[in-house]
Amino acid sequence: MRRYTNRYSMDIDEVRNKYLKLVKGTTSTLDYLSDELYSEFSTQISECKGELDRIESELSTEDNSNISVDCYNDLIARQMENQIELEYVESKVYVIRELEVIYKYRNIEIALKHFISLAYPDADTHGLYNWDALKELTKSKGASISQAKHYQSINDLRRVSNALKHSNQITNDVKKANIKEFKGLNAFCGNSLGEFYKRVEPSVSEFYISFCGLLLSSLGDSESEWLELFKPYVSDDPEIPF
């Protein structure tokens, strides 16, 4: 017997199958591109820092009374060139880190809206980019998003993404969230964003799985059977190979 969510929608089995396909297809091509770029940038940064260390060593060990003016000036010029190059590469790393966070959360917004539309085609999803509206709607459907696994990590991702859209300054909203990577900082940097993204990003797939399970349960389907489809990959420290 086919079970339908309401008179406008597909049956629950179809919803589940679409969720399964969507969750398995959430890995972004940007993730692969970023890995290649970071590898390249890491090499450049290491080379610049290595050269700066060598120059610093030469400047500190040279007998300044014996070193020629030309040699000294050459060392200072090389030091400045490498420092400029280092700052340039680190700026590019920051831009990629910033893009990763914003792009990832934007995709989450799109995915959540799609998940809800599949389960409840008659729901008004136009205002769901507002987090409070999203929480209110899902709660009214018996699938409160705040009950999804890793909800806090996704909410933190939202906070950081919203802040980055305006500037590199850490907002009060981010500070109040007490996110460990940004404690004591007034501005985002490539390192702090990288550590934050590295910690939060692996939670996204499991968050999707959990939220889809809540939606299916609200439609009368078995949440436990849905979660069973993803074992053994669902854990407290997810490494879901999608």
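First, a term: helices (H or I, at least four residues) and strands (E, at least two) are DSSP runs, numbered from the N terminus. What we have here is a predicted model, in which local features need pLDDT of at least 70, side-chain atom pairs count only at pLDDT 80 or more, and totals for chains, interfaces and linings use all residues. Residues are numbered from 1 along each chain as its sequence is written, and side-chain values use heavy atoms, with hydrogens and water left out.

So, how many helices and strands does the chain have? Nine helices and zero strands. Of its 242 residues, 41% count as buried, meaning under 20% relative accessible area with a 1.4 Å probe and protein chains only.

Now the core. A nonpolar core is a set of buried Ala, Val, Leu, Ile, Met, Phe, Trp, Tyr and Cys residues joined through side-chain atoms within 4.5 Å. The largest one has 50 residues, and Y19, L112, F115, V160, F182 and F188 touch the most other members. Two or more residues each come from α1 (12–24), α3, α4 (131–140), α5 (151–164), α7 and α8 (203–218), with α3 giving the largest share, 10 residues. Apart from this core lies another, of eight residues, including C48, L86, V89 and V93.

Leaving aside neighbours within four places in sequence, V160 is in contact (heavy atoms within 4.5 Å) with V101, V174, I179, F182, F188, L193 and F196.

On a 1 Å grid over the protein atoms alone, a cavity is a set of points where a 1.4 Å probe fits but cannot get out, and a pocket is an open set with protein on both sides within 12 Å along at least five of seven lines; lining residues have an atom within 4 Å of a point. Volumes are the space filled by probe spheres set on the points, which are joined across faces, edges and corners.

The second largest pocket has a volume of about 410 Å³. It is lined by 16 residues, and I45, E90, V93, G190 and N191 are the closest to its centre. Which helix gives the most to that lining? That would be α2, with six residues.

Finally, the largest cavity holds about 50 Å³ of space. Its lining is Y105, E109, L112, K113, L128, Y129 and L134, and α3 supplies the largest share, four residues.
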